[in-house]
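Hi everyone, thanks for making time. Please have a look at the model on the screen, and I'll talk you through a few spots in it.

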Amino acid sequence: MDWLRRNRKRLAVGSVALATSAAAGYALYKVYAKNVEKLGGGRGGASASGGSEESWQAQDSSQLTSDAEIEEVFQKLRKVAATQGWSTWSPALRRELAALSKVDGITRALKEGGKDLAPSDKLQLWKELKVESFAHCVAIVWGISLLHAYLDVQLMIVARISTLFDRSNPDVKYHQIRSLLEKELERGINLFMEKNLREICAAAAAAASDIMGSLDLKRRITFQEVISTLACISAQTELKIRSNSLSPPTDHFSKHSEGERQLLNFFHANVRKVVEGQDFEFAVSASANAVSGSIIRRSEELFMQRSHSISNGRDRADGGTSGNGEEERAASIQQGVLPVAKVIPVISAASTGIVADCDKVIEYEVSKLPEVIRASADAFSVHVAA
């Protein structure tokens, strides 16, 4: 697939995405299987290579046909990715994020405690809620972004190996290739949910505590200050995220045959090469910018609504006779100021909304980013020497 590597920037500009998801593996496989002759000049796989890892390499670029035909296949893959890929794993991500969040539990404790709570206990719960709401928002951004990028590149590799393989290899049957790789991919994604997502949440919580711990709940802040605070928490969280910890361990390979171990080792070598590369890092960062942008837009609307509501309430309370009345209220709305305690439900609502709508965010925003497309192209074209 040297052609794809040479032309990946042109493909990115043309919005030719290479993306998919584990649960959509069969749909993706069918797209490849149906178009494998276009990608391989009519051959069913690469030439035999004596059972070495080279037998899993994609076919030589000289077998490719026209750019238009290849691009047509890529468009089909992109559609599969956007409609069936991410949306299959997003429910599991939602469940894990909800389980890891402390926001609902703290909110419930405040409501149930009511007037029975001692002032000191109530204040402590509000301080915890302040930190946790901002931390959860940042964890959502990086959880969605990193999982999507990781899932995306893995399925590109699975699709290539599943379709363009050496059918003469006696150790692994044709129908076993895709099944074996998809099970390994699923194991990796489950490990991400159990390990990496927890690390992201812990890193965001630590960063939020450092940055917001001393921030007074009554302090009035602008929306720009809200954005700056989230950016600082996000930057600290990003520093603690390590992409090289994404690959799952391979100690379970001993139960497989030699041919299966060879295939799985080749798969993981490909995955490691991609996730440790600069393009993957760029894809995750660009995705995080897109997801955070969606949260910011939602937050800003809610922030301004609450600011407007508070300003109207003050104007009604003083009968519209204080100062310049309408001029002061307009200035307050334009500036958009809220106490920190009032910002907390704004951030929580925006975070909940983006998690609920993350399928649309991935399909219509993230999957179309040039950086994401470039990383996908790398994953599809990466070749690891035996």
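This is a predicted model: local features need pLDDT of at least 70, side-chain atom pairs count only at pLDDT 80 or more; totals for chains, interfaces and linings use all residues.

Residues are numbered from 1 along each chain as its sequence is written, and side-chain values use heavy atoms, with hydrogens and water left out.

So, helix α14, residues 370–381. Helices here are DSSP runs of H or I with at least four residues, numbered from the N terminus. How many of the 12 residues of α14 are buried? The count is 9, where buried means under 20% relative accessible area, exposed over 50%, and partly exposed in between, with a 1.4 Å probe and protein chains only. Val372, Ala375 and Phe380 are among them.

Two of those names come back in the lining of the second largest cavity: Val372 and Ala375. A cavity is a set of points on a 1 Å grid over the protein atoms alone where a 1.4 Å probe fits but cannot get out, and lining residues have an atom within 4 Å of a point. Which helix gives the largest share of this lining? That's α6, with 4 residues. Helices α10 and α14 each supply at least two.

Last, Ser234, which sits in helix α8, residues 223–240. Ser234 counts as buried because its relative accessibility is 18%. Beyond its neighbours within four places in sequence, Ser234 contacts Val138 and Trp142, contact meaning heavy atoms within 4.5 Å.

Conventions:
The expected span of a helix is 1.5 Å times one less than its number of residues. On a 1 Å grid over the protein atoms alone, a cavity is a set of points where a 1.4 Å probe fits but cannot get out, and a pocket is an open set with protein on both sides within 12 Å along at least five of seven lines; lining residues have an atom within 4 Å of a point.
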